[in-house]
Amino acid sequence: MADQPTTEGARTVLVTGGNRGIGRAIAEAFVAAGDNVAVTSRSGDDGPDGAFTVQADVTDSASVDTAFKQIEEKFGPVEVLVANAGVTKDTLLLRMKEADFQDVIDTNLTGAFRVVQRATKGFMRLKKGRIV
């Protein structure tokens with residue numbers, strides 16, 4: 001895990017799926033802006049330099065809660081949530097297996113619900129918050 005000291009006045013930002021692709025680019029932009037950035041990675045692979053990486057699977061509520069607790073211990077409540085984690089299992093509808101469709105829904109839709117629901121606890125305490 002990359003470690004970063006807490007920056008005074010910086011926002012605490014969480015980017016789910018921030019260890020690669022678009023999520024990584026988003027996390028890098030927040031790091032460059034001086035924010036305290038945490039990223040989740042299902043595999044545990046490190047996120048960008050300057051970001052705090054926690055292993056989490058958005059399809060598992062307990063995993064999401066554990067990740068938030070780790071982030072809150074390091075930086076305090078999440079102020080900006082980028083619900084980016086997602087999977088693609090593209091194929092023709094006739095060839096798509098129901099289990100693949102369910103995986104996409106569990107990750108891309110229900111996973112976003114889980115992280116937003118968990119983030120709102122901190123948002124309410126802070127009386128502010130942003131979701132992307």
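**Salt bridges and cores in a predicted model**

Q: In this predicted model, which helix holds both E28 and R24?
A: E28 and R24 sit four residues apart, about one turn of the helix. They form a salt bridge, with the closest N and O atoms 3.6 Å apart. The helix, residues 21-32, is α1.

Q: Is E79, the salt-bridge partner of K128, buried or exposed?
A: The K128 and E79 side chains meet at 3.3 Å, N to O. This pair ties together distant parts of the chain, 49 residues apart, with K128 in the loop between α3 and β5 and E79 in the loop between α2 and β4. K128 is partly exposed at 46%. E79 has 15% relative accessibility, and the cut-off for buried is under 20%, so E79 counts as buried.

Q: Which residue meets D103 in a salt bridge?
A: D103 lies in helix α3, and its partner is 14 residues away in the loop between β4 and α3. The side chains come to 2.7 Å, N to O, and the partner is K89.

Q: Which element gives the most to the largest nonpolar core?
A: That core has 16 residues, and L14, F68, I71 and L81 have the most contacts inside it. β3, α2 and α3 each supply at least two of its residues. With five residues, the top contributor is α2.

Q: How many residues are in the second, separate core?
A: Among its members are V13, F30, V80 and V82.

Conventions:
Residues are numbered from 1 along each chain as its sequence is written. This is a predicted model: local features need pLDDT of at least 70, side-chain atom pairs count only at pLDDT 80 or more; totals for chains, interfaces and linings use all residues. Side-chain values use heavy atoms; hydrogens and water are left out. A nonpolar core is a set of buried Ala, Val, Leu, Ile, Met, Phe, Trp, Tyr and Cys residues joined through side-chain atoms within 4.5 Å. Buried means under 20% relative accessible area, exposed over 50%, partly exposed in between (1.4 Å probe, protein chains only). A salt bridge is a side-chain nitrogen of Lys or Arg within 4 Å of a carboxyl oxygen of Asp or Glu.
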